[in-house]
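This briefing reviews selected features of the structure shown below. Please read the points alongside the sequence and the coordinates.

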Amino acid sequence: MNSPYTTGIAASRLGADELAENFGDLHAPFDAHEASVAADRCYFCHDAPCITACPTDIDIPLFIRQIATGTPEAAAKTIFDQNILGGMCARVCPTEDLCEQACVRELAEGKPVEIGRLQRFATDRVMDQGVMPFTRAAPSGKKIAVVGAGPAGLSCAHRLAMLGHDVTVYDANPKAGGLNEYGIAAYKSTDDFAAREVDWLMSIGGIEIKTNMALGDDLKIDDLVGCFAAVFLAIGLGGVNALGLTVQGEQGHVVSDAVDFIEELRQTNDLTDLHIGRNVVVIGGGMTAVDAAVQAKLLGAENVTIAYRRGRDGMSASTYEQDLATSKGVKLLFNLQPKAIRGVGDATEIELEYTKVDDGKLVGTGEMRRLPADQVFRAIGQTLDTDAGLKVEGRKIAVTGAGRTSRAGVWAGGDCAAGGDDLTVTAVAEGRDAAMDIHSTLMGDA
Amino acid sequence: MADLTTDFLGIKSPNPFWLASAPPTDKEYNVRRAFEAGWGGVVWKTLGGEGPPIVNVNGPRYGVIYGADRRVLGINNIELITDRDLYTNLEEIKRVKADYPDRAIIVSIMVPCEEEAWKAILPLVEDTGADGIELNFGCPHGMAERGMGSAVGQVPEYIEMVTRWCKQYYSKPVIVKLTPNITDIRKPAAAAMRGGADAVSLINTINSITSVNLDTMSPEPSIDGKGTHGGYCGPAVKPIAMSMVSEIARNPETAGLPISGIGGVTTWRDAAEYITLGCGNVQVCTAAMTYGFKIVQEMISGLSQWMDEKGHTSIQDFMGAAVPNTTDWQYLNLNYIAKAQINQDDCISCGRCYAACEDTSHQAIAMSEDRTFTVIDEECVACNLCVDVCPVENCITMVAMEPGTIDPRTGKVVEKDYANWTTHPNNPSATAAE
């Protein structure tokens, strides 16, 4: 029987029951009583700051009032009107940086209305009933291609289908969902929620999903433009940034991409099969770094450290996420950049150099620090796989207005498009807005 | 610590907090628990005459209105007077009074409007050693259909007549409990006084339907698919009750008539307010039914602390203190001009003041891009709605304008002298100011 103290990389450091508990819902869903108490706290603000803070502009005070008055189904409709992936967003949105940060009760008492959990209460209700509260408009006769079945692509496809268009969605992976399916910590999307959400979303009709088809290989942009009235690209960021560091030992065993680790966790049927090091170091400072580190800890690693090359202020993971990590026992180290991974055979140690900002530039100080490391994950950002021959801005597809690219008939949104902040909720908003723009363009009232 | 001892009609109690005649005072067991918890007195749940006991419904008796977080704001009930044997009640009253000589025990009575009925029950009640009686002329449900309760309270002549019988056949204080289900509360109060009542107590409960079940189409509480109006009580009725109390306290005909205040008393503050409007004590029911008897501890400590802070050494010190300040609209000072002021440090930018003012009042609050809310003095009529809807206490206040300054809304100088509607030039029946 393995334990957190088993040396090297090992599976089953924790028992199946403990693993199941660790990877259950991070926040248990509200029951009706809890939702009622939480909803009572909303002040129904005028021109509410929470709405402004929501990238999809959900009318939050209205949906909370609808919950408070015993009509969560109406609340869900209010949410889905603006954000068809309101169920997933209720689970993964950094609400502490968005609506709940803007909540006036955060200002008043340091304790915002629990908007995210209330949103989940309402959306779960309707989705559990299997009700799709939208119907399709009369057929437009237009066929539209969406490339990428992640949040942006699904949001766009649903809106287009609702408007009466026929939509074909292509995705490179075997399953639809994009990062919702492959890239989010397991405890944020339990019970196969991402897949269930795709099925529910598809129930509006008029959407066909074709998997295992990646842009560039099987799909040519020129063909798509030729065959469809419009194309929406939502291909995300498939590539992973490289670490510039010297590696001694067998690199293949020791440095992995955090996104792959997260995907493995999401796709496994048996958490006891997953191997994790006794000592794990995650390089990076974003949500992916936190998701990987926390889950490494939850799998039973004894020591998990996030090493970030800048100070705490520079971390893109929110304070809430940082606190989550530390509460699970992850150690956060700042101003450290990796220099070398050492070990005969398997890795045993990582060497990091302290950094400082000199003349606005990050430089090493020469002081070194060594940490035991059986496993090192890199989580230092992702890059575009292909630009599809479109104009690029800051290593992403350049867009103007509601996702219009440099090529007529081609729109883009989500993580692959320039601008935005790489959040699920932002991707949903961009997909929705692009759909409206495509619709206006095709129907001649743009 | 301030002395809370109360002398009401010569009846002493260690504090002014009595339990009203209601379900909590139906039995020896409950009353003993109340006294152990610290209540100053109880009005025993209404006794009926001798004979077969009263029959109650066997389904729900109470309906409710909730505020935020399921706080009980109001309860209505369709329970009748005591459904226990008269002699059982009388024996229990006697026993409890003997064991708690320092607490007030008042016996509530409701029998038909016949002299013989009162003549029969009053000696039995006298024999218990209770401190006084309260005539239930107030319950609006059930018994009123049989010519008792509020059916009596709505006819001043009956009130006077029955009160007179009681004074004739009973030696101790007689309190007349009034129904609010009437247009002018001063009439039954005056009738009670004419009949010789030592005091009035008010209000009894208000005719009410708290809710309708939208599945069964039955009012709640629903008895096998049918409902009836019940008697409404709790915090929601306090404003109505206090207004009625003040009417009696202000009426020259009844001025000085002792009043026991009833209606939504939930905290020490409610009790203090009733006392300032002329009450000699208060009676509580819904708060006890919601939270249990222990709440009296907060009432005692709170009233005591406030009295200490204000330098009051007895209840008498502030009893009726607000009565002279309760007046008719026509005597309000029309030269008093105030403006709302928003404390930006306390403001949490919810914008409720803005929505209320912009949509439903005088468009006197400005909202900036960054959600700073400021009062537009040129438009503000000091209606107070912003204060009322603001979730932060004291964030918005009404500030009186200094005499001699210009009111930016009217462009007129704020006068320092008092002037009311009776002398206002727009009043067709104004009398010239002397």
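Predicted model: local features only at pLDDT ≥ 70, side-chain atom pairs only at ≥ 80, totals over all residues.

**Cover and end of the helix**

- After helix 6 of chain B comes B:Gly196, which has a positive phi near 100°.

**Cis peptide bonds in chain B**

- A cis peptide bond, with omega near 10°, runs from B:Leu202 to B:Ile203; B:Ile203 lies in the loop between strand 10 and strand 11 (206-208) of chain B.
- The bond from B:Glu220 to B:Pro221 is likewise cis, with omega near -5°.
- B:Pro221 belongs to the loop between strand 13 (218-220) and strand 14 (230-233) of chain B.

**Positive phi outside glycine**

- B:Asp224 is not a glycine, yet its phi is positive, at about 55°.
- The loop between strand 13 and strand 14 of chain B holds B:Asp224, and this residue counts as exposed because it has 10 C-beta neighbours inside 10 Å, where exposed requires 12 or fewer.
- B:Ser349, also a residue other than glycine, has a positive phi near 60°.
- B:Ser349 sits in the loop between strand 17 (338-342) and helix 12 (352-360) of chain B.

**Domains of chain B**

- Chain B is assigned domain 1, covering 6-318, and domain 2, covering 329-423.
- The centres of domain 1 of chain B and domain 2 of chain B, taken over C-alpha atoms, are 40 Å apart.

**Nonpolar cores**

- The largest nonpolar core comprises 153 residues, and those with the most contacts inside it are A:Ile67, A:Val146, A:Phe232, A:Leu233, A:Val282, A:Ala292 and A:Ala293.
- Helix 16 of chain A, residues 287-299, supplies the largest share of this core, 9 residues.
- Another core, apart from that one, has 95 residues, among them B:Met242, B:Ile259, B:Ala271 and B:Leu303.
- Beyond its neighbours within four places in sequence, A:Val146 contacts A:Gly153, A:Cys156, A:Ala157, A:Val167, A:Val169, A:Phe232 and A:Ala234.

Notes
Residues numbered from 1 in each chain as written. Chains lettered and ligands numbered in written order. Domains from an automatic or database assignment. Helix = DSSP H or I, 4+ residues; strand = E, 2+ residues; numbered from the N terminus. Buried ≥ 20, exposed ≤ 12 C-beta atoms within 10 Å, placed from the backbone. Core = buried A, V, L, I, M, F, W, Y, C linked by C-beta atoms within 7 Å. Contact = placed C-beta atoms within 7 Å.
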